Amino acid sequence: MNPDEYKPEFCVWELTLKCNMRCRHCGSMAGKARENELTVDECLNVAEQLADLGCRQVTLIGGEVFLYEGWEKISRKLSEKGIGVNLITNGFLLGDKQIAQIKYARLTNVGISLDGMENNHNNIRNVNTSFEKVMDTFDILNREGIPIAVVTSLIDRNFDDLPYMYGLLVKKGIKLWQIQIVNPMGNMADKKDLLLDPAKVPLVTSFIREKRNKQKIAIYAGDNIGYFDENESYIRSEPGMICAWSGCQAGLRVVGIGSTGNVKGCESLYSDEFVEGNLREEPLSTIWHKEGNFAYNRNFDTSMLTGSCKDCDKGTICRGGCRGACYFTTDSKFENPYCCYPGKTNVSKNYFKSNLLKYQEKT
């Protein structure tokens, strides 16, 4: 991209680290709110700045967004500026108060985290009623006519749940489902043995393509899933459209904002190494346009690629895939172990088909 074309069209904004759960896979180690988190008034000012820079979509995250008092005012401000807003929640707190806030906030959808069927989801979330609460939340939102999206974070133990989850989500009338891989950061930093086996990634892309073709639910691959196998053109775009991975967009078209005002290229880059500035010290426009910021993407050259990505013939396009997946799994910003470009993985697709067959037989 030409430097003049850099625009933070998409923003992931962490409003608070405060959370009512202690999930085993939480990348931010959420729990207690950080000291000196941005106030609502400060956030309203940031919302103005995002609009001025041409932002088109904001995803509000936590911690747990519903625990940040005044989140709906921030969302409403963004919406009034013509920016689409959604949030991601664990769904545990949804009640009459939150429904009223959602309607006031003018959200495009409410994203619910669901990380497997009942046993796996409750185990990962460390709450034995979490799955039941999510099912109740689906029903409440459906009754209120509020669009639902589901976000699933994959580790090895919940991989086999995917076919069962598909059947459940179709039954619940869910129209949007994003599947992503857990990176070894935060609570997972010292639990790499629990991560998804990279050999299973081609099975995930096959699953997404196959289920999208049924046109019952729009399934999307997260940015750390892929790249350039036979399914690449069918797992990222709007259903019915052809699209392919075009490189990590952190600092190019994506910006991440932390709860204390730290700015990064993406909130998946959960390390102080990636902080480019703070909104209490400089305006967002200054941070965004400052020479030398977001250098890992703005100054990218294929000579930076390392390990299995080095000399790859897709390097100029792929650019090493998701920068966060690279950094936290290989300690390099430019080597991706989850790439399933043909020749880099060796797994039989019959493995996944056998699981799918078992699911069909049981249901």
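Biologist: Let's start in strand 4: which residue is the bridge partner of I88?

Modeller: I88 has G111 as its bridge partner in strand 4. Strands here are DSSP runs of E with at least two residues, helices are runs of H or I with at least four residues, and both are numbered from the N terminus. Bear in mind that the model is predicted: local features need pLDDT of at least 70 and side-chain atom pairs count only at pLDDT 80 or more, while totals for chains, interfaces and linings use all residues. Residues are numbered from 1 along each chain as its sequence is written, and side-chain values use heavy atoms, with hydrogens and water left out.

Biologist: How many bridges join strand 3 to strand 4?

Modeller: Four, between residues 84–89 and residues 109–113, and the two strands run parallel. Two strands pair if DSSP finds at least two bridges between them.

Biologist: What is the strand order in the sheet?

Modeller: The order is 7-6-5-4-3-2-1-8-9-10, an open sheet of ten strands with mixed pairing. Strand 7 (218–221) and strand 10 (277–278) are the edges, each pairing on one side only.

Biologist: And what does strand 1 pair with?

Modeller: Strand 1 (residues 10–14) runs parallel to strand 2 (residues 57–61), joined by five bridges, and E14 stands opposite I61 there. Strand 1 is also joined to strand 8 (residues 254–257) by four bridges, again in parallel, with F10 partnered by V254.

Biologist: Switching to helices, how do helix 1 and helix 2 cross?

Modeller: The axes of helix 1 (residues 40–52) and helix 2 (residues 71–80) come within 9 Å and cross at roughly 20 degrees. Axes are lines fitted to C-alpha atoms, for helices over the stretch in contact, and angles run from 0 to 180 degrees between N-to-C directions. The two helices are therefore roughly parallel, a label for angles under 35 degrees.

Biologist: Which residues meet there?

Modeller: V40, C43, L44, A47, E48 and L50 in helix 1 meet K73, I74, K77 and L78 in helix 2, where contact means heavy atoms within 4.5 Å.

Biologist: Last one: where does helix 5 lie?

Modeller: Helix 5 (residues 130–143) lies across strand 4 and strand 5 (148–154), at about 170 degrees to strand 4.

Conventions
Parallel < 35°, antiparallel > 145°, perpendicular 65-115°, else oblique.
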